[in-house]
Amino acid sequence: MTILSLPGSSASLDAGPDREVSYFSNRYVLGLTLTAGIGGLLFGYDTGVISGALLYIRDEFKVVDDSKFLQETIVSMALVGAIIGAAAGGWLNDVYGRKKATLCADLVFAVGAIVMAIAPDPYFLIFGRLLVGLGVGVASVTAPVYIAEASPSEIRGGLVSTNVLMITGGQFLSYLVNLGFTEVPGTWRWMLGVSGLPAVIQFSLMLCLPESPRWLYLKHKQAEAVAVLEKIYDSDRLEEELDQLSIISEEECHSTKFSERYLEVFKSKEIRLAFLAGAGLQAFQQFTGINTVMYYSPTIVQMAGFRSNQLALLLSLIVAALNASGTMVGIYLIDRFGRRRLALTSLAGVIISLGILSAAFFLESSSSASTVCNAIACKTGGAGWFAVVGLALYIAFFSPGMGPVPWAVNSEIYPEAYRGVAGGMSATVCWISNLIVAQTFLSVVAAVGTAWTFIILGGVAICAFIFVFLFVPETKGLSFEQVERIWKERAWGSASGSEALLEGGGQF
(Lines give C-alpha, C1' and ligand atoms only; values in the text may rest on other atoms or scores of the structure.)
Protein backbone atom coordinates (compact mmCIF):
# COMPACT_ATOMS: atom_id res chain seq x y z
CA MET A 1 0.00 0.00 0.00
CA THR A 2 1.22 3.50 -0.85
CA ILE A 3 1.11 6.13 1.86
CA LEU A 4 0.10 9.61 0.70
CA SER A 5 1.06 12.68 2.69
CA LEU A 6 -1.54 15.29 1.90
CA PRO A 7 -0.52 18.94 1.49
CA GLY A 8 -2.52 21.08 3.86
CA SER A 9 -3.66 18.08 5.86
CA SER A 10 -2.20 16.17 8.73
CA ALA A 11 -3.77 12.99 7.43
CA SER A 12 -1.71 10.15 6.07
CA LEU A 13 -3.94 7.70 4.32
CA ASP A 14 -3.63 4.35 2.61
CA ALA A 15 -4.28 5.26 -1.01
CA GLY A 16 -4.13 1.78 -2.44
CA PRO A 17 -1.69 0.46 -5.02
CA ASP A 18 -0.57 2.73 -7.85
CA ARG A 19 -2.70 2.14 -10.95
CA GLU A 20 -2.43 3.32 -14.52
CA VAL A 21 -5.91 4.56 -15.40
CA SER A 22 -6.31 6.97 -18.30
CA TYR A 23 -9.11 9.38 -19.13
CA PHE A 24 -10.08 7.28 -22.19
CA SER A 25 -9.49 3.84 -20.64
CA ASN A 26 -13.18 3.03 -20.11
CA ARG A 27 -15.60 4.06 -22.85
CA TYR A 28 -18.59 3.22 -20.67
CA VAL A 29 -17.52 5.70 -17.98
CA LEU A 30 -16.67 8.29 -20.63
CA GLY A 31 -20.14 7.84 -22.14
CA LEU A 32 -21.77 8.40 -18.73
CA THR A 33 -19.59 11.48 -18.26
CA LEU A 34 -20.40 13.06 -21.63
CA THR A 35 -24.11 12.38 -21.26
CA ALA A 36 -24.25 13.89 -17.77
CA GLY A 37 -22.10 16.76 -19.02
CA ILE A 38 -24.85 17.91 -21.37
CA GLY A 39 -26.29 19.54 -18.25
CA GLY A 40 -23.11 21.64 -18.13
CA LEU A 41 -23.61 22.55 -21.80
CA LEU A 42 -27.08 23.87 -20.95
CA PHE A 43 -25.58 25.76 -18.00
CA GLY A 44 -22.94 27.45 -20.17
CA TYR A 45 -25.17 28.14 -23.16
CA ASP A 46 -27.82 29.87 -21.09
CA THR A 47 -25.32 32.12 -19.30
CA GLY A 48 -23.84 33.25 -22.61
CA VAL A 49 -26.76 33.46 -25.04
CA ILE A 50 -28.79 36.10 -23.25
CA SER A 51 -26.24 38.88 -23.86
CA GLY A 52 -26.81 38.71 -27.62
CA ALA A 53 -30.50 37.87 -27.46
CA LEU A 54 -31.23 40.89 -25.28
CA LEU A 55 -30.27 43.27 -28.09
CA TYR A 56 -33.11 41.90 -30.25
CA ILE A 57 -35.56 41.53 -27.36
CA ARG A 58 -35.16 45.28 -26.82
CA ASP A 59 -35.93 45.87 -30.52
CA GLU A 60 -39.15 43.84 -30.36
CA PHE A 61 -40.49 45.06 -27.01
CA LYS A 62 -40.29 48.81 -26.56
CA VAL A 63 -41.19 48.47 -22.88
CA VAL A 64 -37.99 46.47 -22.40
CA ASP A 65 -35.91 49.00 -24.32
CA ASP A 66 -37.29 51.77 -22.09
CA SER A 67 -36.71 49.91 -18.80
CA LYS A 68 -33.28 49.00 -17.43
CA PHE A 69 -35.10 47.12 -14.66
CA LEU A 70 -36.85 44.80 -17.15
CA GLN A 71 -33.56 44.19 -18.96
CA GLU A 72 -31.82 43.28 -15.68
CA THR A 73 -34.77 41.06 -14.69
CA ILE A 74 -34.71 39.15 -17.98
CA VAL A 75 -30.99 38.48 -17.52
CA SER A 76 -30.99 37.74 -13.81
CA MET A 77 -34.22 35.72 -13.53
CA ALA A 78 -32.36 32.63 -14.76
CA LEU A 79 -29.89 33.12 -11.91
CA VAL A 80 -32.77 33.39 -9.44
CA GLY A 81 -34.17 30.14 -10.84
CA ALA A 82 -30.74 28.51 -10.59
CA ILE A 83 -30.48 29.45 -6.91
CA ILE A 84 -33.84 27.78 -6.23
CA GLY A 85 -32.98 24.81 -8.45
CA ALA A 86 -29.62 24.23 -6.78
CA ALA A 87 -31.22 24.37 -3.32
CA ALA A 88 -33.88 21.84 -4.37
CA GLY A 89 -31.39 19.77 -6.35
CA GLY A 90 -29.75 18.35 -3.24
CA TRP A 91 -33.11 17.04 -2.04
CA LEU A 92 -33.95 15.58 -5.45
CA ASN A 93 -30.55 13.89 -5.68
CA ASP A 94 -30.70 12.22 -2.27
CA VAL A 95 -34.36 11.21 -2.29
CA TYR A 96 -35.00 10.27 -5.92
CA GLY A 97 -31.50 9.67 -7.24
CA ARG A 98 -29.10 11.36 -9.62
CA LYS A 99 -30.74 9.97 -12.76
CA LYS A 100 -34.27 11.12 -11.94
CA ALA A 101 -32.95 14.52 -10.88
CA THR A 102 -31.29 14.88 -14.30
CA LEU A 103 -34.47 13.84 -16.11
CA CYS A 104 -36.46 16.36 -14.07
CA ALA A 105 -33.96 19.13 -14.88
CA ASP A 106 -34.18 18.31 -18.61
CA LEU A 107 -37.98 18.47 -18.62
CA VAL A 108 -38.08 21.82 -16.83
CA PHE A 109 -35.35 23.25 -19.06
CA ALA A 110 -37.07 22.10 -22.27
CA VAL A 111 -40.39 23.59 -21.18
CA GLY A 112 -38.61 26.83 -20.28
CA ALA A 113 -36.96 26.99 -23.71
CA ILE A 114 -40.34 26.57 -25.43
CA VAL A 115 -41.92 29.25 -23.22
CA MET A 116 -39.11 31.68 -24.09
CA ALA A 117 -39.36 30.95 -27.83
CA ILE A 118 -43.11 31.64 -28.01
CA ALA A 119 -43.24 34.43 -25.40
CA PRO A 120 -45.85 37.04 -26.48
CA ASP A 121 -44.59 39.61 -24.01
CA PRO A 122 -41.55 40.23 -21.75
CA TYR A 123 -43.31 38.91 -18.66
CA PHE A 124 -43.94 35.51 -20.26
CA LEU A 125 -40.28 35.57 -21.30
CA ILE A 126 -39.24 36.22 -17.70
CA PHE A 127 -41.26 33.18 -16.60
CA GLY A 128 -39.44 31.09 -19.21
CA ARG A 129 -36.11 32.37 -17.93
CA LEU A 130 -37.11 31.29 -14.41
CA LEU A 131 -37.93 27.76 -15.62
CA VAL A 132 -34.65 27.48 -17.52
CA GLY A 133 -32.80 28.65 -14.42
CA LEU A 134 -34.50 25.97 -12.31
CA GLY A 135 -33.28 23.31 -14.74
CA VAL A 136 -29.75 24.73 -14.79
CA GLY A 137 -29.64 24.87 -10.99
CA VAL A 138 -30.62 21.22 -10.57
CA ALA A 139 -28.17 20.16 -13.30
CA SER A 140 -25.33 22.11 -11.68
CA VAL A 141 -25.72 19.95 -8.56
CA THR A 142 -26.48 16.63 -10.23
CA ALA A 143 -23.97 16.32 -13.07
CA PRO A 144 -20.75 16.58 -10.99
CA VAL A 145 -22.05 14.14 -8.37
CA TYR A 146 -23.29 11.61 -10.94
CA ILE A 147 -19.95 11.71 -12.78
CA ALA A 148 -17.89 11.50 -9.58
CA GLU A 149 -19.79 8.50 -8.23
CA ALA A 150 -19.25 6.55 -11.45
CA SER A 151 -15.55 7.46 -11.81
CA PRO A 152 -12.40 5.62 -10.73
CA SER A 153 -10.69 7.79 -8.13
CA GLU A 154 -7.50 8.07 -10.23
CA ILE A 155 -9.29 10.05 -12.98
CA ARG A 156 -12.27 11.40 -11.06
CA GLY A 157 -11.05 15.00 -11.20
CA GLY A 158 -10.58 14.96 -14.96
CA LEU A 159 -13.96 13.35 -15.58
CA VAL A 160 -15.80 15.81 -13.31
CA SER A 161 -13.90 18.64 -15.02
CA THR A 162 -15.41 17.48 -18.31
CA ASN A 163 -18.65 18.96 -17.01
CA VAL A 164 -16.86 22.31 -16.66
CA LEU A 165 -15.53 21.91 -20.22
CA MET A 166 -19.12 21.49 -21.35
CA ILE A 167 -20.03 24.70 -19.47
CA THR A 168 -17.27 26.70 -21.18
CA GLY A 169 -18.03 25.00 -24.49
CA GLY A 170 -21.68 26.00 -24.07
CA GLN A 171 -20.64 29.61 -23.53
CA PHE A 172 -18.55 29.53 -26.71
CA LEU A 173 -21.41 27.87 -28.61
CA SER A 174 -23.80 30.58 -27.46
CA TYR A 175 -21.62 33.29 -29.03
CA LEU A 176 -21.57 31.35 -32.32
CA VAL A 177 -25.35 30.83 -32.23
CA ASN A 178 -25.89 34.53 -31.52
CA LEU A 179 -23.84 35.37 -34.62
CA GLY A 180 -25.58 32.69 -36.69
CA PHE A 181 -29.13 33.87 -35.97
CA THR A 182 -28.59 37.62 -36.33
CA GLU A 183 -30.05 37.64 -39.87
CA VAL A 184 -32.72 34.98 -39.29
CA PRO A 185 -36.36 36.06 -38.78
CA GLY A 186 -37.23 35.56 -35.13
CA THR A 187 -33.59 36.12 -34.03
CA TRP A 188 -33.80 36.00 -30.22
CA ARG A 189 -36.59 33.39 -30.25
CA TRP A 190 -34.28 31.00 -32.10
CA MET A 191 -31.32 31.93 -29.89
CA LEU A 192 -33.23 31.05 -26.73
CA GLY A 193 -35.47 28.28 -28.07
CA VAL A 194 -32.73 26.14 -29.61
CA SER A 195 -31.36 25.51 -26.11
CA GLY A 196 -34.19 23.02 -25.57
CA LEU A 197 -32.65 20.59 -28.09
CA PRO A 198 -29.70 19.46 -25.91
CA ALA A 199 -32.12 18.96 -23.00
CA VAL A 200 -34.24 16.62 -25.13
CA ILE A 201 -31.11 14.75 -26.27
CA GLN A 202 -29.88 14.33 -22.69
CA PHE A 203 -33.32 13.18 -21.51
CA SER A 204 -33.39 10.49 -24.21
CA LEU A 205 -29.87 9.27 -23.46
CA MET A 206 -30.35 9.25 -19.68
CA LEU A 207 -33.31 6.90 -20.03
CA CYS A 208 -30.81 4.29 -21.26
CA LEU A 209 -28.20 4.91 -18.54
CA PRO A 210 -28.10 3.54 -14.98
CA GLU A 211 -28.51 5.27 -11.67
CA SER A 212 -25.36 6.18 -9.72
CA PRO A 213 -23.97 2.93 -8.23
CA ARG A 214 -23.23 4.61 -4.89
CA TRP A 215 -26.78 5.95 -4.59
CA LEU A 216 -28.11 2.47 -5.40
CA TYR A 217 -25.91 0.93 -2.72
CA LEU A 218 -27.01 3.54 -0.22
CA LYS A 219 -30.65 2.63 -0.94
CA HIS A 220 -29.93 -1.09 -0.33
CA LYS A 221 -30.09 -1.95 -4.05
CA GLN A 222 -26.78 -3.78 -3.93
CA ALA A 223 -27.44 -6.06 -6.90
CA GLU A 224 -28.16 -3.12 -9.18
CA ALA A 225 -25.13 -1.26 -7.83
CA VAL A 226 -22.84 -4.25 -8.49
CA ALA A 227 -24.20 -4.57 -12.05
CA VAL A 228 -23.14 -0.98 -12.75
CA LEU A 229 -19.78 -1.27 -10.99
CA GLU A 230 -18.93 -4.39 -13.02
CA LYS A 231 -18.96 -2.21 -16.14
CA ILE A 232 -16.56 0.26 -14.53
CA TYR A 233 -13.99 -1.93 -12.73
CA ASP A 234 -12.21 -5.22 -13.28
CA SER A 235 -12.84 -8.05 -10.81
CA ASP A 236 -10.00 -7.19 -8.40
CA ARG A 237 -10.87 -3.51 -8.26
CA LEU A 238 -14.58 -4.30 -8.00
CA GLU A 239 -14.01 -6.29 -4.82
CA GLU A 240 -12.03 -3.40 -3.35
CA GLU A 241 -14.78 -0.88 -4.22
CA LEU A 242 -17.44 -3.08 -2.66
CA ASP A 243 -15.34 -3.41 0.50
CA GLN A 244 -15.15 0.38 0.72
CA LEU A 245 -18.88 0.75 0.16
CA SER A 246 -19.59 -1.74 2.94
CA ILE A 247 -17.75 0.56 5.35
CA ILE A 248 -20.67 3.01 5.07
CA SER A 249 -22.40 2.37 8.37
CA GLU A 250 -26.12 1.96 8.82
CA GLU A 251 -26.04 4.75 11.38
CA GLU A 252 -24.44 7.23 8.98
CA CYS A 253 -26.88 6.55 6.19
CA HIS A 254 -30.15 6.30 8.08
CA SER A 255 -29.93 7.65 11.61
CA THR A 256 -30.81 11.16 10.47
CA LYS A 257 -34.04 12.04 8.68
CA PHE A 258 -33.51 13.83 5.39
CA SER A 259 -35.28 16.95 6.65
CA GLU A 260 -32.68 17.19 9.45
CA ARG A 261 -29.61 16.75 7.24
CA TYR A 262 -29.44 20.42 6.32
CA LEU A 263 -28.91 21.24 9.99
CA GLU A 264 -26.51 18.32 10.39
CA VAL A 265 -24.21 19.90 7.81
CA PHE A 266 -23.56 22.63 10.39
CA LYS A 267 -23.88 20.53 13.55
CA SER A 268 -21.38 17.84 12.55
CA LYS A 269 -17.88 19.28 12.81
CA GLU A 270 -16.27 17.25 10.02
CA ILE A 271 -19.13 17.93 7.57
CA ARG A 272 -19.03 21.61 8.52
CA LEU A 273 -15.32 21.76 7.70
CA ALA A 274 -15.95 20.07 4.36
CA PHE A 275 -18.79 22.45 3.56
CA LEU A 276 -16.61 25.44 4.49
CA ALA A 277 -13.99 24.29 1.98
CA GLY A 278 -16.53 23.47 -0.74
CA ALA A 279 -18.77 26.51 -0.41
CA GLY A 280 -15.76 28.79 0.05
CA LEU A 281 -14.27 27.55 -3.22
CA GLN A 282 -17.58 28.16 -5.02
CA ALA A 283 -17.90 31.67 -3.61
CA PHE A 284 -14.32 32.62 -4.44
CA GLN A 285 -14.72 31.21 -7.95
CA GLN A 286 -17.35 33.89 -8.54
CA PHE A 287 -15.94 36.75 -6.48
CA THR A 288 -12.56 36.59 -8.22
CA GLY A 289 -14.43 37.90 -11.25
CA ILE A 290 -14.86 35.13 -13.81
CA ASN A 291 -18.43 36.04 -14.67
CA THR A 292 -17.66 39.74 -14.90
CA VAL A 293 -15.36 38.65 -17.73
CA MET A 294 -17.84 36.22 -19.32
CA TYR A 295 -20.92 38.46 -18.99
CA TYR A 296 -19.25 41.78 -19.69
CA SER A 297 -16.19 40.99 -21.85
CA PRO A 298 -17.47 43.13 -24.79
CA THR A 299 -18.10 45.99 -22.36
CA ILE A 300 -14.64 45.59 -20.77
CA VAL A 301 -13.01 45.61 -24.20
CA GLN A 302 -14.87 48.79 -25.12
CA MET A 303 -13.93 50.36 -21.79
CA ALA A 304 -10.31 49.72 -22.77
CA GLY A 305 -10.69 51.90 -25.87
CA PHE A 306 -11.98 49.57 -28.60
CA ARG A 307 -15.16 51.31 -29.76
CA SER A 308 -16.12 48.93 -32.58
CA ASN A 309 -18.94 46.55 -31.62
CA GLN A 310 -17.70 43.97 -34.12
CA LEU A 311 -14.16 44.03 -32.76
CA ALA A 312 -15.46 43.85 -29.19
CA LEU A 313 -17.61 40.80 -30.04
CA LEU A 314 -14.72 39.14 -31.90
CA LEU A 315 -12.35 39.61 -28.96
CA SER A 316 -15.08 38.28 -26.64
CA LEU A 317 -15.39 35.17 -28.82
CA ILE A 318 -11.63 34.68 -28.48
CA VAL A 319 -11.95 35.02 -24.69
CA ALA A 320 -14.64 32.31 -24.69
CA ALA A 321 -12.44 30.05 -26.83
CA LEU A 322 -9.52 30.56 -24.42
CA ASN A 323 -11.81 29.65 -21.53
CA ALA A 324 -12.81 26.36 -23.16
CA SER A 325 -9.21 25.57 -24.18
CA GLY A 326 -7.93 26.30 -20.67
CA THR A 327 -10.51 23.94 -19.20
CA MET A 328 -9.14 21.16 -21.42
CA VAL A 329 -5.71 21.84 -19.91
CA GLY A 330 -7.32 21.60 -16.47
CA ILE A 331 -8.78 18.18 -17.32
CA TYR A 332 -5.28 16.96 -18.10
CA LEU A 333 -3.64 18.51 -15.02
CA ILE A 334 -6.18 18.04 -12.22
CA ASP A 335 -5.42 14.34 -11.61
CA ARG A 336 -1.68 14.79 -12.17
CA PHE A 337 -0.98 18.14 -10.54
CA GLY A 338 -3.62 17.88 -7.81
CA ARG A 339 -6.67 19.99 -6.97
CA ARG A 340 -5.07 22.14 -4.27
CA ARG A 341 -1.84 22.90 -6.10
CA LEU A 342 -3.74 23.64 -9.32
CA ALA A 343 -6.05 26.08 -7.51
CA LEU A 344 -3.14 27.87 -5.83
CA THR A 345 -1.21 28.19 -9.11
CA SER A 346 -4.35 29.40 -10.86
CA LEU A 347 -5.03 32.05 -8.21
CA ALA A 348 -1.43 33.28 -8.31
CA GLY A 349 -1.80 33.87 -12.05
CA VAL A 350 -5.21 35.49 -11.59
CA ILE A 351 -3.72 37.97 -9.09
CA ILE A 352 -0.99 38.94 -11.57
CA SER A 353 -3.50 39.21 -14.44
CA LEU A 354 -5.86 41.44 -12.46
CA GLY A 355 -2.86 43.65 -11.65
CA ILE A 356 -2.15 43.96 -15.37
CA LEU A 357 -5.80 44.78 -16.10
CA SER A 358 -5.91 47.48 -13.43
CA ALA A 359 -2.65 48.97 -14.74
CA ALA A 360 -4.06 49.01 -18.27
CA PHE A 361 -7.12 50.94 -17.17
CA PHE A 362 -5.02 53.38 -15.15
CA LEU A 363 -3.07 54.00 -18.38
CA GLU A 364 -6.30 54.36 -20.32
CA SER A 365 -7.65 56.94 -17.86
CA SER A 366 -4.33 58.80 -17.94
CA SER A 367 -4.30 58.91 -21.74
CA SER A 368 -7.90 60.12 -21.76
CA ALA A 369 -6.85 63.03 -19.57
CA SER A 370 -4.39 64.24 -22.20
CA THR A 371 -5.42 65.06 -25.76
CA VAL A 372 -1.89 64.33 -27.02
CA CYS A 373 -1.68 61.01 -25.18
CA ASN A 374 -5.24 60.21 -26.24
CA ALA A 375 -4.35 60.75 -29.89
CA ILE A 376 -1.38 58.40 -29.50
CA ALA A 377 -3.57 55.82 -27.73
CA CYS A 378 -6.09 55.96 -30.59
CA LYS A 379 -3.34 55.28 -33.13
CA THR A 380 -1.48 52.57 -31.28
CA GLY A 381 -4.17 51.17 -28.99
CA GLY A 382 -1.41 50.70 -26.41
CA ALA A 383 -3.48 50.73 -23.23
CA GLY A 384 -6.31 48.87 -24.93
CA TRP A 385 -4.09 46.03 -26.12
CA PHE A 386 -2.46 45.95 -22.68
CA ALA A 387 -5.95 45.33 -21.26
CA VAL A 388 -6.63 42.60 -23.83
CA VAL A 389 -3.38 40.87 -22.81
CA GLY A 390 -4.44 41.08 -19.15
CA LEU A 391 -7.86 39.66 -20.04
CA ALA A 392 -6.32 36.78 -21.99
CA LEU A 393 -3.88 36.00 -19.17
CA TYR A 394 -6.72 36.08 -16.65
CA ILE A 395 -8.65 33.44 -18.62
CA ALA A 396 -5.50 31.41 -19.28
CA PHE A 397 -4.78 31.16 -15.56
CA PHE A 398 -8.35 30.92 -14.26
CA SER A 399 -9.81 28.30 -16.61
CA PRO A 400 -7.47 25.34 -15.88
CA GLY A 401 -7.64 25.81 -12.09
CA MET A 402 -10.38 27.82 -10.43
CA GLY A 403 -12.74 26.84 -13.24
CA PRO A 404 -12.89 23.06 -12.65
CA VAL A 405 -11.39 22.68 -9.14
CA PRO A 406 -14.40 23.94 -7.09
CA TRP A 407 -16.77 21.57 -8.92
CA ALA A 408 -14.38 18.61 -8.66
CA VAL A 409 -13.73 19.18 -4.95
CA ASN A 410 -17.43 19.59 -4.14
CA SER A 411 -18.26 16.33 -5.89
CA GLU A 412 -15.92 14.30 -3.67
CA ILE A 413 -15.52 15.88 -0.21
CA TYR A 414 -18.88 15.09 1.42
CA PRO A 415 -19.96 11.83 3.12
CA GLU A 416 -22.21 9.60 1.05
CA ALA A 417 -25.40 10.39 2.95
CA TYR A 418 -24.81 14.15 2.72
CA ARG A 419 -23.39 14.46 -0.81
CA GLY A 420 -26.63 15.66 -2.38
CA VAL A 421 -27.61 18.01 0.46
CA ALA A 422 -24.19 19.60 0.98
CA GLY A 423 -23.47 19.71 -2.76
CA GLY A 424 -26.77 21.45 -3.35
CA MET A 425 -26.09 23.99 -0.62
CA SER A 426 -22.63 24.67 -2.04
CA ALA A 427 -24.02 25.11 -5.56
CA THR A 428 -26.59 27.53 -4.13
CA VAL A 429 -23.71 29.57 -2.70
CA CYS A 430 -22.18 29.58 -6.19
CA TRP A 431 -25.35 30.88 -7.84
CA ILE A 432 -25.99 33.52 -5.16
CA SER A 433 -22.40 34.74 -5.56
CA ASN A 434 -22.86 34.71 -9.34
CA LEU A 435 -25.97 36.87 -9.03
CA ILE A 436 -24.25 39.35 -6.71
CA VAL A 437 -21.30 39.73 -9.09
CA ALA A 438 -23.47 40.06 -12.19
CA GLN A 439 -25.71 42.68 -10.57
CA THR A 440 -22.98 44.81 -9.02
CA PHE A 441 -20.05 44.87 -11.46
CA LEU A 442 -21.18 47.83 -13.58
CA SER A 443 -22.34 49.72 -10.48
CA VAL A 444 -18.95 49.26 -8.81
CA VAL A 445 -17.22 50.40 -12.01
CA ALA A 446 -19.41 53.51 -12.06
CA ALA A 447 -18.64 54.21 -8.39
CA VAL A 448 -14.86 53.67 -8.20
CA GLY A 449 -13.68 53.27 -11.80
CA THR A 450 -12.62 50.24 -13.83
CA ALA A 451 -9.00 50.19 -12.61
CA TRP A 452 -9.97 50.19 -8.94
CA THR A 453 -12.64 47.56 -9.60
CA PHE A 454 -9.96 45.16 -10.85
CA ILE A 455 -7.78 46.03 -7.86
CA ILE A 456 -10.69 45.02 -5.59
CA LEU A 457 -11.03 41.73 -7.49
CA GLY A 458 -7.28 41.23 -7.09
CA GLY A 459 -7.63 41.69 -3.32
CA VAL A 460 -10.39 39.06 -3.30
CA ALA A 461 -8.10 36.71 -5.25
CA ILE A 462 -5.39 37.15 -2.60
CA CYS A 463 -7.95 36.21 0.08
CA ALA A 464 -8.93 33.19 -2.04
CA PHE A 465 -5.28 32.07 -2.23
CA ILE A 466 -4.97 32.24 1.56
CA PHE A 467 -8.29 30.39 1.97
CA VAL A 468 -7.26 27.51 -0.31
CA PHE A 469 -3.86 27.27 1.39
CA LEU A 470 -5.43 27.02 4.86
CA PHE A 471 -8.70 25.14 4.38
CA VAL A 472 -8.61 23.00 1.23
CA PRO A 473 -6.78 19.63 1.49
CA GLU A 474 -5.48 17.64 -1.46
CA THR A 475 -7.90 14.90 -2.57
CA LYS A 476 -6.16 13.72 -5.75
CA GLY A 477 -6.50 9.97 -6.22
CA LEU A 478 -8.29 9.31 -2.91
CA SER A 479 -11.43 7.24 -2.51
CA PHE A 480 -14.52 8.88 -1.04
CA GLU A 481 -13.90 7.01 2.21
CA GLN A 482 -10.32 8.27 2.42
CA VAL A 483 -11.51 11.84 1.88
CA GLU A 484 -13.98 11.40 4.75
CA ARG A 485 -11.10 10.39 7.00
CA ILE A 486 -9.33 13.68 6.22
CA TRP A 487 -12.22 15.67 7.68
CA LYS A 488 -12.51 13.38 10.69
CA GLU A 489 -8.82 13.83 11.44
CA ARG A 490 -9.08 17.59 10.98
CA ALA A 491 -12.13 17.74 13.21
CA TRP A 492 -11.06 15.38 15.97
CA GLY A 493 -7.33 14.83 15.50
CA SER A 494 -7.86 11.13 14.77
CA ALA A 495 -10.18 9.37 12.36
CA SER A 496 -10.50 6.35 14.60
CA GLY A 497 -10.73 8.34 17.81
CA SER A 498 -13.80 10.25 16.69
CA GLU A 499 -16.19 7.29 16.60
CA ALA A 500 -17.64 7.82 20.06
CA LEU A 501 -18.24 11.47 19.37
CA LEU A 502 -19.91 10.64 16.04
CA GLU A 503 -22.44 8.47 17.84
CA GLY A 504 -23.68 11.62 19.51
CA GLY A 505 -24.12 13.42 16.19
CA GLY A 506 -20.56 14.73 15.94
CA GLN A 507 -21.44 17.98 17.67
CA PHE A 508 -19.02 20.25 19.40
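1. Basis. The model is predicted, so local features need pLDDT of at least 70 and side-chain atom pairs count only at pLDDT 80 or more, while totals for chains, interfaces and linings use all residues. Residues are numbered from 1 along each chain as its sequence is written, and side-chain values use heavy atoms, with hydrogens and water left out.

2. Secondary structure. The protein chain has 24 helices and two strands. Helices (H or I, at least four residues) and strands (E, at least two) are DSSP runs, numbered from the N terminus.

3. Burial and surface. Of the 508 residues of the protein chain, 58% count as buried. Buried means under 20% relative accessible area, exposed over 50%, and partly exposed in between (1.4 Å probe, protein chains only). The accessible surface of the chain comes to about 20,300 Å², and 67% of this belongs to carbon and sulfur atoms. Accessible areas come from the Shrake-Rupley method with a 1.4 Å probe; for residues, only the protein chains shown count as cover.

4. Contact range. Taking contacts in the protein chain between residues at least 6 apart in sequence, 80% join residues at least 24 apart. Contact means heavy atoms within 4.5 Å.

5. Nonpolar cores. The largest nonpolar core has 80 residues, and those with the most contacts inside it are Val265, Leu354, Tyr394 and Val468. Helix H17 (residues 339-368) gives the largest share of this core, nine residues. Apart from it lies another core, of 40 residues, among them Met77, Ile83, Ala110 and Ala438. A nonpolar core is a set of buried Ala, Val, Leu, Ile, Met, Phe, Trp, Tyr and Cys residues joined through side-chain atoms within 4.5 Å.

6. Tyrosine 394. Leaving aside neighbours within four places in sequence, tyrosine 394 is in contact with Thr288, Gly289, Ile290, Val293, Val350, Ser353 and Leu354. Of these partners, Leu354 is also listed with tyrosine 394 among the residues with the most contacts inside the largest core.

7. Two or more lining residues come from each of helix H1 (27-60), H6, helix H14 (269-287), helix H15 (290-303) and helix H21 (419-448).

8. Cysteines. The structure holds zero disulfides, a disulfide being a pair of cysteine sulfur atoms within 2.5 Å. Cysteine 104 is partly exposed, at a relative accessible area of 32%, and cysteine 208 is exposed, at 68%.

9. Positive phi. Threonine 187, a residue other than glycine, has a positive phi near 20°. This threonine lies in the loop between helix H6 (156-180) and helix H7 (188-193) and is buried, with a relative accessible area of 14%. Histidine 220, also a residue other than glycine, has a positive phi near 65°. Its place is the loop between helix H9 (213-218) and helix H10 (222-229), where histidine 220 is partly exposed at 44% relative accessible area.

10. Threonine 35. This residue lies in helix H1 and counts as buried at 9% relative accessibility. Not counting residues up to four places away in sequence, threonine 35 touches Gln202, Leu205, Met206 and Leu209.

11. Glutamine 71. Helix H3 (residues 68-96) holds glutamine 71, which is buried, with a relative accessible area of 8%. Beyond neighbours within four places in sequence, glutamine 71 is in contact with Leu54, Arg58, Val64 and Asp65. Glutamine 71 and isoleucine 126 are 55 residues apart in sequence and 9.9 Å apart in space, C-alpha to C-alpha.

12. Isoleucine 456. Isoleucine 456 lies in helix H22 (residues 450-471) and is partly exposed, with a relative accessible area of 45%. With neighbours within four places in sequence left aside, isoleucine 456 is in contact with Val444 and Val448. From C-alpha to C-alpha, isoleucine 456 and glycine 355 are 10.0 Å apart in space and 101 residues apart in sequence.
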